[in-house]
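Subject: Structure handover and findings

Hello,

Here is the structure I promised to pass on. Please have it open while you read the notes below it.

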Amino acid sequence: MAYKHFILVCGGTGCESSKADDIYKELISQAEAQGVKDDVQVVKTGCFGFCEKGPIVKVLPAESFYVEVKPSDAKEIIAEQIVKGREVTRLLYKDDKQKDRIKVEDIQFYQKQFRIVLRNCGIINPENIDEYIARDGYAALEKVLSSMKPNDVIAELKKSGLRGRGGAGFPTWRKWEFSRGPQADQKYVVCNADEGDPGAYMDRSTVEGDPHSVIEAMAICGYTIGASKGFVYIRAEYPLAIERLKIAIAQAKDYGLLGDNILGTGFSFDLEIRLGAGAFVCGEETALLKSIEGSRGMPIPRPPFPAIKGLWGKPTVINNVETWANIPVIITKGGDWFAKIGTETSKGTKVFALTGKVNNSGLVEVPMGTTLREIIYDIGGGIRGGKKFKGAQTGGPSGGIITEEFLDLPIDYESLTGLGSMMGSGGLIVMDEDDCVVDVSKFYMEFCVDESCGKCAPCRIGTNQMHSILERITKGTGTMEDLDKLEKIGHAMKRAALCGLGQTAPNPTLSTIRRFRDEYLEHIVDKKCRAGKCKDLVVFSIDKDKCIGCGLCARKCPVNCITGDKTQKYTINAEACIKCGECFKVCKFGAVLKN
Amino acid sequence: MPAARIEFSKGLQDFIQEWKDKPGNLIMILHRVQQEFSYIPREAAERLAEELSMPLAKIYGVITFYHLFKTTKPGKHRIAVCMGTACYLKGGQTLLEECEDILGIKGHEVTDDGLFSIDAVRCVGCCGLAPVLMVGNDVYGKLTKEQVPEIIAKYRG
């Protein structure tokens, strides 16, 4: 039976949270009720990436791109488009500039994007292996098993120049080569899906939207290094991703693409899911392996590297989700093809979770070497509310802030490290003039205090000390000496901490001190926070010339500390003020002043 | 002293049997126990120690290391306010304070009637919807402080 129309409903976590599942069910029941169920297939896909405008519904072949759809819109979509063949104009995505319908490929958010990792997200139904296979899925595994030797696979990876997407950027082929070398009775392949960076969801979306790409790549690795067993270590906080992965593994087993004697070649590879339990440090590879072993996730010193001595002491290749998802494409299209994309040292693409104060939050995949300006302004549509750009944080709690003057720098591993930040896993958080860098540094440091495993002193004590100093500065009791101490402790931690968490925890603080020293000084010397975020440093007052005496502020004040009347104008009793900012927000005349 | 016998459902017992001999099983089993009780009661940990022939100290070592494992019973409706970076920048802290004000409890506490508990959590992965809070499995996004009372009221019934 051939369908005339296909309706794709985004089934990523973001859209599911906004009732995408209800939309999906309603579309099906409406199609049935209106007697067109044989004409249209409704499919739940992975993330379209354009989370800002979710839930997203796309109708093919008309290429109608509907945004912010509600379950109650389902009836109209079926009645108009499927029954009568007319688009539901009011739901179509419209650009700010062009008011007319625009084609999907012309939507600015998707221009400049280049999808390798997310090639199937938003296109296939991730719960149906046939759809993955129809888009060249498992062709790479078949090619490897039927016509490539382990050496050939590694040579192809080497040609591609693929580097680990988890943050540090270690060449993938070398990891595999290290593990292939030693003889061992058992070797392991591990997928790091413990995406702990707050504000990042690239890996979750990839697993939710295209789980087979990870499974296929892990099997290829198993063949290459001689491992018969793999583990996917995934955050327990990602129930939808876990569910889709379970379905995918079961389907792959049914099709003989996992398990014993894969494709009749004698090669066997089995995959198991292991859940994390909310520990950021488990994103560090040695801690992750400890966690799979069922212990406290505490890192151990390297070397020996996991590639030689990993899970239960056996050679183990561990890559993150995004790295894995690249591999099938490299095998089918060739390492040379992949190496043409990107910069001299960093090949391929990078997926970013673009969030914060941009107009278009979402998941974007761009070639390495794209500039931050292109990502934030062209794809992200610029800063929300016309505010001024302050900085962008890459690498989350391990990274640093990138300021306006570096917006045109092509992004790759080296350029970001050179700026005192890092590629990290792909969180890209945009801040505007209303964000205080000291407050954000404190936020990240608090995160590291919570997440430090406590094994090594530099991290355990260092994060705590840095946090209490930052806290003092945001409260206006910091001293100039404190600023020196922050730098001193930070540099000591970078050298002495045991693992990546402790070594990079000072980065947000050190990079903001470097780029925004004047703001730190304002907090310390002038006792001022220009963004108005640090409550202890903010004083609200009323400009008598602007106040018209309407009294709205007084009525909204939760602690009744604003008094006055029409003739006297209003005043704020600073002693009693709790600095909630309500008066500032409600005043229509700009009469309430901050600072 | 014999360990207090806490009731385990058939499903949980089967799960333990299935995983008993697999290496590195502890975290998976603890997840399953928590699914059953909504936290990990001490008696359950004691029973696991016995059934898995594992020191109780090792089990508690793991429980207390990982944020997700709870040793006290949470409220019937668990409010999780996202404190991921995107939500934090867009006002997550204000949502948290509003919840605390309305319910009269602090983060990690439970209301007297056992109905609600509040947790500040790290990134629930809906950054496009920031700021976000969850009640149980329901996600509420793009929130302002003003919408919080209404959301909480829905669960009081």
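What follows covers the cores, a surface patch, the salt bridges and the chain interface.

This is a predicted model: local features need pLDDT of at least 70, side-chain atom pairs count only at pLDDT 80 or more, and totals for chains, interfaces and linings use all residues. Residues are numbered from 1 along each chain as its sequence is written, chains are lettered from A and ligands numbered from 1 in the order in which they are written, and side-chain values use heavy atoms, with hydrogens and water left out.

**Cores**

The largest nonpolar core holds 153 residues. A core here is a set of buried Ala, Val, Leu, Ile, Met, Phe, Trp, Tyr and Cys residues joined through side-chain atoms within 4.5 Å. Buried means under 20% relative accessible area, exposed over 50%, and partly exposed in between (1.4 Å probe, protein chains only). Trp176(A), Trp324(A) and Tyr66(B) have the most contacts inside this core. A second, separate core has 57 residues, including Tyr93(A), Leu407(A), Ile411(A) and Met423(A).

**Surface patch**

Phe170(A), Phe178(A) and Ile308(A) make a nonpolar surface patch of about 260 Å². Patch residues have over 30% relative accessible area and no salt bridge; like charges are joined within 9 Å, nonpolar side chains (Val, Leu, Ile, Met, Phe, Trp, Tyr) within 5 Å. Accessible areas come from the Shrake-Rupley method with a 1.4 Å probe; for residues, only the protein chains shown count as cover. Ile308(A) is partly exposed at 43%. Ile308(A) sits in the loop between α11 (285-292) and β8 (316-320) of chain A. Helices (H or I, at least four residues) and strands (E, at least two) are DSSP runs, numbered from the N terminus.

**Salt bridges**

The rule: a side-chain nitrogen of Lys or Arg within 4 Å of a carboxyl oxygen of Asp or Glu.

- Lys44(A) pairs with Glu16(A), with the closest N and O atoms 3.2 Å apart. The pair links strand β2 (residues 40-45) to helix α1 (residues 13-17), 28 residues apart. Lys44(A) is buried at 16%; Glu16(A) is partly exposed at 22%.
- Arg165(A) pairs with Glu322(A) at 3.9 Å. Arg165(A) is in the loop between α6 (150-160) and α7 (172-180) and Glu322(A) in helix α12 (residues 321-333), so the bridge ties together parts 157 residues apart in sequence. Arg165(A) is buried at 1%, and Glu322(A) is buried at 1%.
- Glu519(A) meets Arg530(A) at 3.8 Å, N to O. Glu519(A) is buried at 3%, whereas Arg530(A) is partly exposed at 44%. Through shared partners, Lys390(A), Asp518(A), Glu519(A), Glu522(A) and Arg530(A) form one network.

**Interface**

How many residues of chain A are in contact with chain B? There are 56, and they touch 38 residues of chain B. The area buried between the chains is about 3600 Å², with carbon and sulfur atoms giving 57%. Buried area is the accessible area (1.4 Å probe) that two parts lose on being put together, summed over both. In chain A, Ala277(A), Arg296(A) and Phe443(A) lose the most area to chain B, together 17% of what that side buries. The interface has 5 salt bridges. Glu97(B) forms a salt bridge with Lys535(A), their closest N and O atoms 3.9 Å apart.

Best wishes

Methods. Contact = heavy atoms within 4.5 Å.
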